[in-house]
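Trainee: Could you take one part of this structure and walk me through it closely? I'd like to start from a single residue and then see how the chains meet.

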Number of protein chains: 2
Amino acid sequence: MSNTKILLDESELPTHWYNVIADLPTPPAPYLGADGQPVSPEQLGAIFPPGLLEQEISTQRWIEIPEKVRSILRLWRPSPLYRARRLEAILGTPAKIYYKYEGGSPAGSHKPNSAVAQAYYNKIAGIKRLTTETGAGQWGSAISLAGNMFGLEVRVYMVKVSYEQKPFRRSMIQTWGGEVLPSPTTLTAAGRQALENDPNCQGSLGIAISEAVEEAASRQDTNYTLGSVLNHVLLHQTVIGLETRKQLEKVGDYPDVIFAPCGGGSNVGGMMFPFLADKAAGKEIRLVAVEPSSCPTLTRGEYAYDYGDSVGLTPLIQMYTLGHDFMPPGIHAGGLRYHGDSALVSQLYHEGVLEAIAVPQLATFESGVMFSKAEGIVPAPESNHAIHAAIDEALRCKERSEGKTILFTLSGHGHFDMASYDRYFSGELTDQAYPEEALQAALRNLPQVK
Amino acid sequence: MSNTKILLDESELPTHWYNVIADLPTPPAPYLGADGQPVSPEQLGAIFPPGLLEQEISTQRWIEIPEKVRSILRLWRPSPLYRARRLEAILGTPAKIYYKYEGGSPAGSHKPNSAVAQAYYNKIAGIKRLTTETGAGQWGSAISLAGNMFGLEVRVYMVKVSYEQKPFRRSMIQTWGGEVLPSPTTLTAAGRQALENDPNCQGSLGIAISEAVEEAASRQDTNYTLGSVLNHVLLHQTVIGLETRKQLEKVGDYPDVIFAPCGGGSNVGGMMFPFLADKAAGKEIRLVAVEPSSCPTLTRGEYAYDYGDSVGLTPLIQMYTLGHDFMPPGIHAGGLRYHGDSALVSQLYHEGVLEAIAVPQLATFESGVMFSKAEGIVPAPESNHAIHAAIDEALRCKERSEGKTILFTLSGHGHFDMASYDRYFSGELTDQAYPEEALQAALRNLPQVK
């Protein structure tokens, strides 16, 4: 019988996260303060607990996952790896297509993998409240779920355009006891500034980050959490790639190419980092980040020091960036609307280890609908980016009669994104014009590092 | 290590459905025509394919599941059985609580288990189009998914109040290529009649059934499908109970009591029938259907012959009924708003094999929120009925220090029902007044069987 799903038993849940920093040829560039000096742990300690700060800079290859974290991850992990046999048949490709499905978590995406860990380390540090920002609402719901499990209060600054387009992720945040506010708000200086500049401001991840960081920095009992970008977030997400390796071993397979959607980089890092050692050892494997062409951070941005938020409250991070005040068009893959990218993903892309491609919005929906008709699952718009790249690759394999093994992360389901599908079906959805002018202006405004 | 999920491998997917008719002490009463005579297979053949009609009356204990059906079921089955350890801890109960989670299917509920089988038997009978009705949209999305997988066109008559309250299940039906119309429509005589009686009619499952049946009966290439009530639907759902038995065996456990939400009976039949033989053999096990107190078919209805739809197009079925023209209040558990109940569930309840309880709406949401905070998954309002009963039982066990084993079906997730949760949180949700007068009127209007 031919397998559809490759499952792991709970006893096979990874016991350690994989820390890619241990295996980097060059150490990561430090985060810098506005003065151009490396930021001290004490400064970051205003918004992060010690456990996460240690992970942020650790060079230890394997970091043990606390049992209290694993016991919650077991509510949905290990997650299934699927062989997309029906999609393969419809495409008529000789390629094998696998997808790792992260939509089975209670929040419907991969985000809780890190949210649970972050809530745990804040809890043991005596923190009572967490703040965060959210775009599509995936991270906001994940941290609300995780905060609730450890008895922490959660306040979510949700990008206004998403708050209005995706009311039901709000409701989900509330079901788990979290508070959710449309950003920009008048509660923070950053929010007030954004509203002064543009009273109709629809918000952005950058502004929402500024708000959440500002509040966390100003309160002793409150810390900030982030759903992507930072090293410790990508570390927590490596359970995805670690499980996938085991699952492929069970069926005696190995990927020729891996695709993951790329916004802040947590999908890319989570899935791909555990395969890097093989690549370093000479294994032929392509690792491809897929980003939206209207927010093409890796493919069109600069590799430079920039702020993680739009106002300049965070440290400077060396990363690919479109400029911290670049405001991406309101595409439906809200989780990919971020001006920057993970420092680790950026460095590996810069060093030529990872590849990146940018794909237009309409094509991603087309591929997502094709996928859902073939495999059943209706994917999140973010995930459609990886699906689109995988289908393209499978069709190239068909042209060339190549039996490659293609792997991608299906990072979340689209049950909270049906309004976006409605717009696609009604023909209202368009490919956003490439924001060349705004991008050039934002790039001219990159901070000067002394 | 203590298990959270009990998984089965794909190779353990049931190969046969369990047909409870083989083990009933008394044979089921026949379906009758308006003339009081048993309906012939030829008459039903106008809207059902031969494969399903055979199953409807078969007395064979085990019926093989076709490989083409199993290959699609493997996209989400076997489904996980969870031990609700976090809920147990929060309740402080000595009871063990297990739940079988059916929300992992692409449509988010148990409904596709039968939809796939129904689409298959229609396909091999040469049928090109399927009609159906849907309440909350769970069945409509399931049959759209299944029809698409077998290349069949699907038209869904969706109860108007749900069509408006749950726009995103509509979108999902459309994503899989199905057509969805708010019922009553002007396309059918039944719909036109309902609109004549009340131009603002919000629809009901009964009216929508009438519309779907009327269309199927009038077209050679079109058949009707139903998501519950009929014997073959409950047959297909027995994969739930069959898997659960195996999963409990793996951990050496057995339920003292099983709860399932009860609308048309497919959850009850699917989970409970595979445990009936044990009960007949003297095993002490309670099997409890949980229905809404505003639509209390088993607990307040009459055991009589009645129509399955509101107009009287279907055969007469001996079942518990509130009267075919009883219009239940617009509760949020739309899937439980049905005047009748499965003939098999009704007979077993009448014979005292199954029990039933009715629970009020507010209490079910309260329990659903408690559950989601404990276990993560946000349940569908229908599922909250079983959850409420299970929590009540666990609290009774606590009072009496009884270490019972409680099992329930978590039939679907609530990602399409967040507007209902919003109403609950805002205090707008109420317990519907018990519709005594309407019920008495409907019961007086039961058909007279000659």
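**A lysine and the chain interface**

Mentor: Let's start with K111(A): leaving out residues up to four places away in sequence, its contacts are Q138(A), W139(A), A142(A), G227(A), S228(A), Q237(A) and S266(A). Keep in mind that this is a predicted model. As for where the lysine sits, K111(A) lies in the loop that runs between strand 5 (96–101) and helix 5 (112–124) of chain A. Is K111(A) buried or exposed? Its relative accessibility is 13%, and buried means under 20%, so K111(A) counts as buried. There's also a note from the record: an unreviewed UniProt entry puts the feature "modified residue: N6-(pyridoxal phosphate)lysine" at K111(A).

Now for the place where the two chains meet. Here 45 residues of chain A are in contact with 45 residues of chain B. Together the chains bury about 3900 Å², with 58% of that on carbon and sulfur atoms. On the polar side, the rule picks out 20 residue pairs in polar contact across this interface, both partners being at pLDDT 80 or more. The elements of chain A that each give two or more residues to the side touching chain B are helix 3 (67–73), helix 6 (138–149), helix 8 (167–175), helix 15 (361–375) and helix 17 (418–425). Sorted by class, that side of chain A has 23 nonpolar, 14 polar and eight charged residues.

And the salt bridges? The rule finds two between chain A and chain B. One of them pairs E10(A) with K5(B), where the closest N and O atoms are 3.3 Å apart.

How values were computed
Residues numbered from 1 in each chain as written. Chains lettered and ligands numbered in written order. Predicted model: local features only at pLDDT ≥ 70, side-chain atom pairs only at ≥ 80, totals over all residues. Heavy atoms only, no water. Contact = heavy atoms within 4.5 Å. Buried area = accessible area lost by both parts, 1.4 Å probe. Salt bridge = Lys/Arg side-chain N within 4 Å of Asp/Glu carboxyl O. Polar contact = N/O pair within 3.5 Å; in protein donor to acceptor, adjacent residues only side chain to side chain. Helix = DSSP H or I, 4+ residues; strand = E, 2+ residues; numbered from the N terminus. Nonpolar A, V, L, I, M, F, W, Y, C, P; charged D, E, K, R; others polar. UniProt positions renumbered as here; feature names shortened; annotations may be inferred. Buried < 20%, exposed > 50% of the residue type's maximum accessible area, 1.4 Å probe, protein only.
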